[in-house]
Amino acid sequence: MADNLRALFSSNDPSAFDILEAFTDRNSQWAVVAAALEEHLRRVAGGAFDVEDLEAPRTNLIVFHGVGGVGKSTLLRKIEAALTAAEDRPEQWGAPTWTERVLPIRIDLSRAASTGSDFERVILTIRLALAGALDRTVPSFDVALRNYWEHTHPGEPLDEYVRRSGLAGRFANLLPGQLQAGVGEVAAALALPGLVGSAAGQLTGALVSALRERQERARALAGAARTAALLEATPDLEALSYYPHLLAWDLNQMPAKKRLTPVVLLDTFEDTADRHRDFERLLQRLVWLMPNVFFVIGGRSRLQWADPALHGQLDWTGPTAWPGLATAPSSLTVPQPRASGTGARQFLIGDLSPEDCETHLARRLVHDGRPLIDADIRAAITARSHGLPLHLDLAVSRFLEIRRTGRTPTAADFDCTFPALLARTLSDLTPEERHLLRSVALLDAFDLDLATRTAGLPQQAPARRLVERPLVTEDPYALWPYHLHRAIRSAVQDDEHSDDRWTPADWHQAATRALAALGEQWTKAAALAPSRMLLVACLRQGLRLARDQRLTGLGWIIEAAFVYTDDSVWEPLTPPTTGTGAPDTAADAVAELLTAIARRQREHRRRTADRLTAVLDTGLLPAELTEMALYYRAKAHKDLSQNDAARTGMQQVVDGEGRLAVKARRALANLARLAGDFPTALAAVPTLGWKGRHHRVLGDIHWSHADTAAAIRAFEAGRAEAEQHGAAGERAMMQVRLALAVSFADPDRAADELALAHQLLDGLDQRSNTLLAQVVALIKDAGTGDRDVAARAESLRTDIEAAGLPFLHRFVELALAFHHAVRGADQDLAATIGRLRTLTATGDFAYFTDIAHFMAGLPLPGLSTIRWTRSEDDVRSAWRGLVQARQDRLLAGN
């Protein structure tokens with residue numbers, strides 16, 4: 001309603017648009033309340049319920065907690081309205097199933113939390129609501145309350161206090177009369193009518209005496225077992241906090257026709273916080289001592305009553321007392337509740353979905369039945385809000401402010417955060433927590449150690465307190481479990497108004513600490529047991545931090561970059577972009593380098609080569625990573641069949657004698673093989689070792705000679721070596737090549753090897769090897785299903801072209817040559833050889849054309865330039881033998 005009034009007074013012409021309340025969703029929260037309240041009503045009505053049982057666990061409450069501005073107060077107001085009248089209930093909530101009378105009583109604790117004595121306001125608010133709903137006395141409680149009032153507020157009439165304190169309502173005038181009537185009932189029951197006008201203390205003393213003497217009429221009127229003891233106690237605030245026990249007993253004695261169940265909604269519970277939990281202790285007594293009353297509590301923080309660590313600070317603590325509030329299963333050493341509850345009683349209020357944000361904004365301001373806020377603006381607000389209702393309301397206010405200036409709002413006007421959102425967030429944080437909040441705003445995710453080190457604090461205690469607040473969400477299964485709410489994170493980073501806002505130097509120092517902490521986490525973990533997940537996560541956060549904060553000391557990122565590329569897995573590393581300009585810092589250049597290398601699996605290799613050239617041209621890369629850019633650009637040139645450029649690039653890396661020199665020598669050996677110079681490639685194998693992937697190079701030489709047995713041994717050895725080094729990417733690569741070698745000779749085994757290859761490739765993002773595996777499937781099926789093989793080959797050509805991997809076209813044609821040779825389809829084979837001749841015109845992969853002739857037993861059209869490691873006749877015979885073996889197998893199968 002306050003938002004509606006603000007909107008109403010934001011224009012000189014409020015009739016120009018309709019201002020509507022736009023309550024959205026929260027169906028699940030209402031369902032939780034309705035189910036728990038229905039269970040509560042059923043339990044209280046049961047014969048086993050005892051209102052004086054002070055040992056039974058309590059389930060008579062529901063707690064909703066969440067970050068400020070997420071809509072807790074709105075939810076409680078809607079629950080209050082829904083319980084008051086059916087017409088005020090949101091349509092999507094549906095009707096409740098109970099028929100018993102309930103009395104909703106909402107109390108805003110932000111108005112009653114300045115001192116512990118404001119507990120009086122809570123008690124009086126409940127009693128005033130009952131005054132109107134019951135239209136009768138609650139004698140035990142009323143006598144105690146009147147005695148307390150005369151003792152604590154001598155000479156101050158209750159009705160005057162009610163008016164002065166702002167509690168006055170339409171039932172305020174009933175309360176003094178009902179208290180007087182309660183005194184009369186007690187006096188009549190005690191047969192002491194002369195005490196009606198006397199001081200409450202005299203009446204209280206008489207009632208206590210009667211109860212001690214076990215007078216039946218007194219016991220019938222105020223027969224709670226603890227009434228006498230309560231009335232004998234000094235009537236101060238401490239005693240008042242126990243009087244709700246009398247009120248609960250009085251309510252339980254009501255005749256069936258008058259009976260009702262109060263539903264007390266305690267809003268903004270976070271405002272009860274104080275160092276010693278004094279006010280919270282009083283409110284907890286209220287809940288515990290009134291088990292027949294249902295409570296709905298809303299606040300920013302989780303209610304900790306089930307935490308055994310609070311023993312001594314509150315009267316009732318632990319999961320036994322509050323089974324529905326426990327965050328984890330009780331220890332076996334903790335006694336289980338005497339009467340178990342049906343489930344959780346504490347729930348985090350989440351953000352609105354994008355669809356609900358859109359609905360909220362579309363309904364908020366309406367003109368001629370249409371949303372006043374245009375769709376593009378609604379989309380911009382929704383994206384920036386991250387589902388936080390407070391952001392939506394602030395954006396609506398901004399929309400009206402802009403319209404008031406005579407300008408039409410645009411979507412760009414809402415690409416902003418709001419100082420009010422941050423002010424609300426910071427209001428209940430300690431200085432240490434505010435400092436910590438800004439520190440973790442630099443991080444996408446964090447744990448206690450990372451947060452503490454980023455903040456530069458000596459202890460983790462502030463971080464532990466911060467993560468318990470609802471502005472931090474937790475995913476216990478994530479590498480770093482904690483995440484700052486995205487809308488709050490944006491507001492913190494954009495802060496230009498708060499008194500203790502950070503300077504650029506503050507942000508830079510915190511980012512430097514965060515980068516160092518990330519590096520230390522990774523290096524320590526890598527020394528014990530390398531974790532690919534941790535490596536990638538640290539690189540993602542580290543690259544973004546170094547780039548956004550323009551950090552110069554990259555340190556561990558250089559080593560991590562080599563480890564990342566060494567395994568050929570290629571998880572995306574792209575940090576959020578901050579602009580479209582060229583890199584202008586070393587961090588920018590490194591981020592672009594690794595992004596280009598990773599994205600080459602999803603981009604055309606031409607794009608990869610261009611991006612790496614642009615990075616190299618900046619001159620910003622550290623020397624070690626300049627070598628990396630040269631190496632991967634050369635690989636891209638090789639994939640593009642630009643082998644002369646590839647050789648030049650690889651030779652530069654070899655000449656530099658850096659960390660990638662061994663890999664570059666392997667690449668040169670492969671380029672020699674592609675050029676048909678197999679002896680040179682074979683001679684390089686002994687110099688390569690594991691780092692140069694010697695088994696892979698050797699296996700490629702063997703299968704090209706149709707020596708499938710030797711190729712299989714080499715690839716199996718390479719796969720085992722990759723497993724020993726924990727190199728998942730290389731293991732998958734070896735498995736694809738193993739399946740390739742097997743596919744020519746043994747299609748049955750090839751099916752199994754191919755299945756394993758797909759399994760190992762899953763999640764690695766190796767595009768070229770995934771496409772090569774599809775070629776292997778064609779070879780495996782060669783000689784069968786002519787139309788099917790041809791159609792699959794055509795589809796594969798399209799995928800290869802889109803990937804920018806033209807070297808794979810030769811493999812597709814080689815597979816088709818084998819297929820046509822097995823089938824004896826001379827015309828198709830001739831067409832395939834013609835395509836191969838065109839694809840190998842530069843000389844690279846020219847040996848594929850020779851192999852196609854060998855498969856069909858055809859003579860070469862001219863003198864071959866290929867240098868085999870064996871005689872040409874041996875190679876011809878081996879390839880022809882594989883074709884004949886496949887033909888024999890197919891004939892035997894028929």
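**Close-up 1. Helix α29 and the glycine that comes after it.** In this predicted model, helix α29 is followed by Gly676, a residue whose phi is positive, near 90°. The helix itself has 14 residues and reaches 20 Å from its first C-alpha to its last, close to the 20 Å expected at 1.5 Å a residue. Eleven of the 14 residues of α29 are buried, so the helix is largely enclosed by the rest of the structure; among them are Ala661, Lys663, Arg666, Asn670, Arg673 and Leu674. The buried residues of α29 pack against α24, α27 (623–639), α28, α30 (678–684), α31 (694–704) and α39 (846–856).

**Close-up 2. Two residues other than glycine with positive phi.** Glu657, although not a glycine, has a positive phi of about 50°, and its place is in the loop between α28 (643–656) and α29 (661–674). With a relative accessibility of 68%, Glu657 counts as exposed. Arg550, found in the loop between α23 (532–548) and α24 (556–566), likewise has a positive phi, near 55°, but Arg550 is partly exposed, its relative accessible area being 45%.

**Close-up 3. Thr595 within helix α25.** Thr595 has its place in helix α25, which comprises residues 586–599, and is buried, with a relative accessible area of 5%. A polar atom of the Thr595 side chain lies 2.7 Å from the backbone oxygen of Ala591.

Close-up 4. The structure holds 26 aromatic pairs. One of these is formed by Trp288 and Trp322, an edge-to-face pair at 5.1 Å centre to centre with 70° between the planes. Because Trp288 lies in helix α13 (residues 278–289) and Trp322 in the loop between β5 (294–299) and β6 (346–348), the pair ties together parts that are 34 residues apart in sequence. Both Trp288 and Trp322 are buried. The rings of Trp502 and Trp507 have centres 4.8 Å apart and planes at 65°, so this pair, too, is edge-to-face; Trp502 counts as buried at 14% relative accessibility, and Trp507 is buried with a relative accessible area of 13%.

**Close-up 5. An aromatic cluster.** Ring pairs link a set of residues into a cluster that includes Phe678, Trp703, Phe744, Phe807, Phe811, Phe818, Tyr847, Trp868 and Trp879.

**Close-up 6. Arginines over aromatic rings.** The charged end of Arg659 sits over the ring of Phe562, at 4.2 Å from its centre. In a second example, Arg693 lies over the face of Trp690, with a distance of 4.0 Å from the ring centre.

Definitions and conventions
Residues numbered from 1 in each chain as written. Predicted model: local features only at pLDDT ≥ 70, side-chain atom pairs only at ≥ 80, totals over all residues. Heavy atoms only, no water. Helix = DSSP H or I, 4+ residues; strand = E, 2+ residues; numbered from the N terminus. Buried < 20%, exposed > 50% of the residue type's maximum accessible area, 1.4 Å probe, protein only. Polar contact = N/O pair within 3.5 Å; in protein donor to acceptor, adjacent residues only side chain to side chain. Expected span 1.5 Å × (residues − 1). Contact = heavy atoms within 4.5 Å. Phe/Tyr/Trp six-rings, centres within 6.5 Å; stacked < 30°, edge-to-face > 60°. Lys NZ or Arg CZ within 6 Å of the ring centre and 35° of its normal.
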